[in-house]
Amino acid sequence: MAAKEPTSPYRLIGTRIPYIEGPLKVTGRAEYTDDIKRPGQLIARLLRSPWPHARIRSIDVSKARSMPGVAAVLTGEKYPTQFGVLPITHDETAIAVGKVRYIGDIVAAVAAVDERTADLALQAIVVDYEVLPEHADPRTGTEKVVEPIHTRGLNGTNIQKEVVQHFGDVDAAFAGAHATVRVRGTYAGVTHAFTEPMATIAEATPDGRLTVWSATQVPHYLHRALSEVLGIPMHRIRVIKPEVGGGFGGKSDPLPHEIACAALSIETGRPVKILFDREEVFVTNHGRHPTQNDVRIAVDPEGKILAYDIDALIDGGAWSSFGTVTTYYNGVLSMGPYRVPNFRYRGRRVYTSKPPNGAMRAHGGTNIRYSIEVGLDDLAERLHIDPFDLRERNALPPHTMTVNQFRITSTSFVKCLHAARERSGWDSKFRQLPYGKGVGLGCGFYISGSNSPIHFTPKMPQCTVHLKVDMDGGISVHCMQADIGQGSNTLLAVIVAEVLGVDLDRVHVQRVDSDVSPVDMGSYSSRVTFMMGNAARQAAESLRDQLVRAAARVTGYPPEKLEVGHEKISVRHRPDVSVTYVEALHAAMERSGALLATGAYTSPPMGGDFKGARAGTAPAYSFAAYVAQVDVDVETGIYRVEKVWAAFDCGRALNRLAVEGQIEGSIHMGLGQFMGEAMMYRGARLMNPSLLEYKIPMPQQMPDVECLLVGDDDPEGPFGGKEAGEGPLIATLPAAGNALYDAIGVRFHDLPVTPEKVVRGMEQRRQSGRTWKGVA
Amino acid sequence: MHLDPFELHRPTTVDETVDLAGRLAPDVDYLAGGTDLLPNYKMHLNVRANLIALEDVSELRGISLDRVGAMVRLADLEADAAFAASFPGVVAAAREVATPLVRASGTLGGNLLVETRCFFFNQSLPWRESLGYCLKADGDRCHVVPQKVKCYATFSGDIAPALAVVDAEVEVAGPSGRRRLPVSRLYDPVGDGIHRHKLAAGELIVAVHFPPESRGLKATYRKLRIRPSFDFPELGVAVAARQDAGGRISRLALSLGGLETYPRRFDDLTEPMVGTVPTPATVRALADEVQKRVRPVHNTFLAPEYRKKMAGVFVRRATAEVLGVPESSP
């Protein structure tokens, strides 16, 4: 059930608008990468390493190359240029050069007439490996090791990145604290498990161009990586993003197979398609990092936070990926939604001989948040303060600066707390439900768009939107933003239609195509609504001004006396005098022909001047307060999250239907990490690379969700909006964890919380002689 | 991941089917619903060059209170109200199999002969190759219990335990004619673990037969798994019983699947309870003893210690439910 919907000053913004591409998707007509078939297309398959860490002594591809139907076999040395999503940590190659670094690392690529021929060719490739010591455990990688995974590790260790930050005086704060808590959290890695496997088609053509269709959420960075590794100037490469069946961060790195696929097309002169099977999706991973954190919190007698002291050990897997950002985020994303006057952080991300970890929905903000929120819950109990009261006392007020110089503008966090408390019936439930039932509060905070684009080119905007309208009255929208199912195409259309006053079906959002789409940085860091939204609004306003000027000529009234209505422009206070949208358009076209307009967004300067100061800076932040209610079978440990009251501050909800969908999906994904999803390793070997053994919650496990959208307008967000794609995940996990504590009196610091851990937790509590709600 | 080409044969009678299997042996498998076999083929697990589709063999169809054909789809079985009224435990188990989509294809016979499962077996060819394969496919060692030369893959069908407790029999056709054997003896408790059942080469389950005296037994099936659908059992407990008006047990059977290499009955524990009026204490004693005996190994998602403990809880709950005994928590 949705919260009561506020009245909106807008015609479309703030209402519930189904995705414009929805009818095509649900009828199977939407075109995904694998739906595209190019004439003469070959199929590529990849030979993957059976070893977690080994030197490649030699590769003999002669037999594979001579097999009928095999068009090309490629090994690593032809394209040795290293790449990676962050310019400062290029450590990947399209195909392994010299060494393999995890089970599944790409050793060779084959293009053949069909999948089976390609698979058989892979089996005919003979690789001579010198097996090297595997480094599966990040703890041992912090010391000097024999044969580190990469030469760029810190001082002969496997440490990829170390971050040390200290603001204020943490030791003094702890020395003077009234109470402290320490949480040592252990988090299994989780993966995105999007529906559509990775898929790429590359077509090198005789005109010297290369076209790449790929299931990517960041077409622009793929464009750059293809150019860098293949040595082809960007203007000769064309990147097209068809519909994408989910990304959640897993399609935000430029990935080796995309480059290998392109290389095979160059090699053969034919179109080459690659489509992953599910196991390949799992080993390509780039999911949430397995993490161990050690979090200490100091508070005064009123429960006001004095200091955080945080250490995080992050299991990176084989590549850097987004890891430098991850290492910062695991510390700095603790800087909201509370005021924290003293803060110390050490984060280390360690390479391991395992599938690479990277960015996953609510990247870097999820695991640290869980440790903090269960720690605060513990402190509240010990200080006899209600968990809601404790959080409200610590809430960051609007328009403040954090100790690490995050610029906080809008926050409706306190409104979130009030809404969740009231709607959940908290005051009559907390510690009052029978043994086995409980409620818990968890809060969240996330960036609404990274202020620093990954490839920052000074004076160029982070997003540009182009509009074109011709005599038919349809408006084409061009932008390289990547709709991966989150509704950004719909939002683009809604914003344009809102500003121009036209019906939504006049607006045609064009497929992302680097030949025609102006650059947007892509779908990551929850940046699209904020940045694309502002660019789209600016472009639409520019087009609107052209129409209004034309209407002024037609009506004889000056532009400032005119206003845009539904499909018309009329004279303010003279509604009888108006021109239709199409009349205004045709008048505007008299001199120029089709109209063009452009809009762009560049985030304002922000952040301190210390090392790493830009990490976590954002033009706005989202806030959340969730209450979860659980029901535990106290004998089997099987539990159900029955309901989540999700109070979320995304500023103004621009498309309420999409926001609610994002919140529900986020809760599902967050509960997955909490309840059972885990990349299960024995040593460096992934044991469960399948959707059967990777335990995404089933529909029956999904709680009833009540979305409480209470955000006030953000001063800089488009129409007051902020992100709602990632932040809604974070609060889910601690709300469930704290609810379990309320139900059975056991704190869980080791995720996922499987039924066997619940049973063991209750046994340990019993053995310690502690009763809960009167039960032994 | 590609499926290797195979020859598909489509016989229409049982005799023809058995003949065909005899001629093609040993490079042949029967194909029922395909929901277990074909994914395994995609992983290149014990692939055969010939598949005999059972779809067109009409004798394998039909649901009555005496007999259910081996090719009856689980979705059809669970939708049959008359059958459910007589054999509630069997239908309860059928409803717990996988997902509605799988049950639309999956068959009764297929579920009885579902391949045993293990973390080291149900993996792709490259995955297994990188580990050097295992006893059950292409290799010579067990990665779960390395010191043994026995396979510990887990029996993962849901319906066999529920059939066993109502004394159902399978009708088998083969090169040497037809025979019947109790469901509980379809599986091999002492073998190498690799071959999960006692059917001879070329033998085929035609139907499952239900003795009239088993109709209307009180019965249940309880399944342990981390998610309430899709997952194979980490433990499955079937109980069936009859009691007189005074509550005295006249019949009681218990079978556990999902724990060991075969579904196991515990007649030596349940038979002494016949003639008694059950109490929470006797039900608890039964459950404790079962828990003591079962030996799960670490080859599924949940840890064996937990599954063992849950065997006690699930047996107690299922038995208490069927016998109408109030449940007592420990």
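In chain B, the centres of domain 1 and domain 2, taken over C-alpha atoms, are separated by 19 Å. The model shown in this and the following views is predicted.

**View 1. Domain 1 of chain B against domain 2 of chain B.** The domain assignment of chain B places residues 57-212 in domain 1 and residues 217-323 in domain 2. Contact between the two involves 32 residues of domain 1 of chain B and 29 residues of domain 2 of chain B. On the side of domain 1 of chain B that touches domain 2 of chain B, helix 5 (88-95) and helix 9 (159-164) of chain B each supply at least two residues. By class, that side of domain 1 of chain B comprises 20 nonpolar, eight polar and four charged residues.

**View 2. The contact between chain B and chain A.** Chain B contributes 20 residues to this contact, and chain A contributes 23 residues. Helix 8 (125-131) and helix 12 (304-323) of chain B each provide at least two residues of the side of chain B that touches chain A. The largest share of that side, four residues, belongs to helix 8 of chain B. The side of chain B that touches chain A is made up of 13 nonpolar, five polar and two charged residues.

**View 3. Helix 9 of chain A crossing helix 17 of chain A.** The axes of helix 9 (residues 367-382) and helix 17 (residues 732-744) of chain A come within 9 Å, with a crossing angle of roughly 35°. The crossing of these two helices of chain A is right-handed. From helix 9 of chain A, Arg369(A), Tyr370(A), Glu373(A), Val374(A) and Asp377(A) take part in the contact. They meet Leu733(A), Pro734(A), Gly737(A), Asn738(A) and Tyr741(A) of helix 17 of chain A. Sorted by class, the residues of this helix contact are five nonpolar, two polar and three charged.

**View 4. Domain 1 of chain A against domain 2 of chain A.** In the domain assignment of chain A, domain 1 consists of 22-29 + 461-601, domain 2 of 33-132 + 197-244 + 251-284, and domain 3 of 366-450 + 610-767. The centres of domain 1 and domain 2 of chain A, taken over C-alpha atoms, lie 39 Å apart. The side of domain 1 of chain A that touches domain 2 of chain A contains seven nonpolar, four polar and four charged residues.

Definitions and conventions
Residues numbered from 1 in each chain as written. Chains lettered and ligands numbered in written order. Predicted model: local features only at pLDDT ≥ 70, side-chain atom pairs only at ≥ 80, totals over all residues. Contact = placed C-beta atoms within 7 Å. Nonpolar A, V, L, I, M, F, W, Y, C, P; charged D, E, K, R; others polar. Domains from an automatic or database assignment. Axes fitted to C-alpha atoms, helices over the stretch in contact; angles between N-to-C directions. Left-handed = near helix turned anticlockwise from the far one by under 90°.
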